[in-house]
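Me: I would like to go through this model and ask what the labels rest on. Please set each value against its cut-off.

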Amino acid sequence: MAKLALGTRREATQPDCIKALIVEFITTFIFVFVGVGSAMAANKLLGDSLVGLLFVAVAHTLVVAVMISAGHISGGHLNPAVTLGLLAGGHITVVRSILYWIDQLLASSAACFLLSYLTGGMATPVHTLASGVGYLQGIVWEIILTFTLLFTVYATIVDPKKGSIDGLGPTLTGFVVGANILAGGAFSGASMNPARSFGPALVSWNWTDHWVYWVGPLIGGGLAGFIYENFFIERSHLPLPNDEEEY
């Protein structure tokens, strides 16, 4: 059974943590900039259409795959739900998780404010539930979509026995993000990422249904991390330090 690693306050001042936070900010910024930018471009050029949805899905597929690879120093989480999923599996400390969450939200906000400026104040699309989709339905959508994302992360990147797919994890993770957008984009918006939803909501100051994009992804991500770590991974290494004396 994986145990939560608490970490210590000193972790925030350690060079490796500072480098990881810088890289996590950069990669999350680029991910949100491209992801939200593609949604803005789709709205301007294609409108609310299947082609527009495909356009957004492809953009997210590509940027996720590249940014996970580019963010190897921080782990390329890009997403509070991914961080929570890895925390549930004992792969990151509570202290560093909190720092990552703050980092990801700041990066998302900066990317969206910059997009607003660069597009002359063009509306920033926010994640909201489609007409006819209730809160419970939206939460379940986001739980399932985020669960598949984290399950893929564990199976293709985290699991030491990934076999022949070793090295393909970022690409395969990008594929599942794109597939999930195609499946759920027309219903819940297929956020899978509280930070991805936070930046546009902040810039637009439109918090309609916003809580759904925290509850669903965090439940789905945490559940996937807990299940995969405790039922499918066989490990021989020691867990992360759990108290101050171990540092």
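Me: Which residues of α5 are buried?
Reply: The model is predicted. In α5, the buried residues are G138, I139, E142, L145, T146, L149, L150, T152, V153, Y154, T156 and V158. They pack against α3 (80-88), α6 (169-184) and α8 (212-231).

Me: How do you know that the span of α5 is close to the expected one?
Reply: Helix α5 covers residues 135-158, 24 residues in total. From first C-alpha to last, α5 reaches 32 Å, against 34 Å expected at 1.5 Å a residue.

Me: Why is K162 called buried?
Reply: The relative accessible area of K162 is 19%. Buried means under 20%, so K162 is buried. K162 sits in the loop between α5 and α6. Leaving out residues up to four places away in sequence, K162 touches A155, T156 and I157.

Me: What makes the pair of K162 and I157 a polar contact?
Reply: A polar atom of the K162 side chain lies 3.1 Å from the backbone oxygen of I157. The cut-off is within 3.5 Å, so the pair counts as a polar contact.

Me: Which residues touch the most other members of the largest nonpolar core?
Reply: F31, L149, Y154, I181 and M192 do, in a core of 36 residues. At least two residues of this core come from each of α1 (15-45), α2 (50-70), α3, α4 (94-118), α5, α6 and α8. The most come from α1, with 7 residues. A second, separate core has 5 residues, including L129, I139, V212 and Y213.

Technical notes
Residues numbered from 1 in each chain as written. Predicted model: local features only at pLDDT ≥ 70, side-chain atom pairs only at ≥ 80, totals over all residues. Heavy atoms only, no water. Helix = DSSP H or I, 4+ residues; strand = E, 2+ residues; numbered from the N terminus. Expected span 1.5 Å × (residues − 1). Buried < 20%, exposed > 50% of the residue type's maximum accessible area, 1.4 Å probe, protein only. Contact = heavy atoms within 4.5 Å. Polar contact = N/O pair within 3.5 Å; in protein donor to acceptor, adjacent residues only side chain to side chain. Core = buried A, V, L, I, M, F, W, Y, C linked by side-chain atoms within 4.5 Å.
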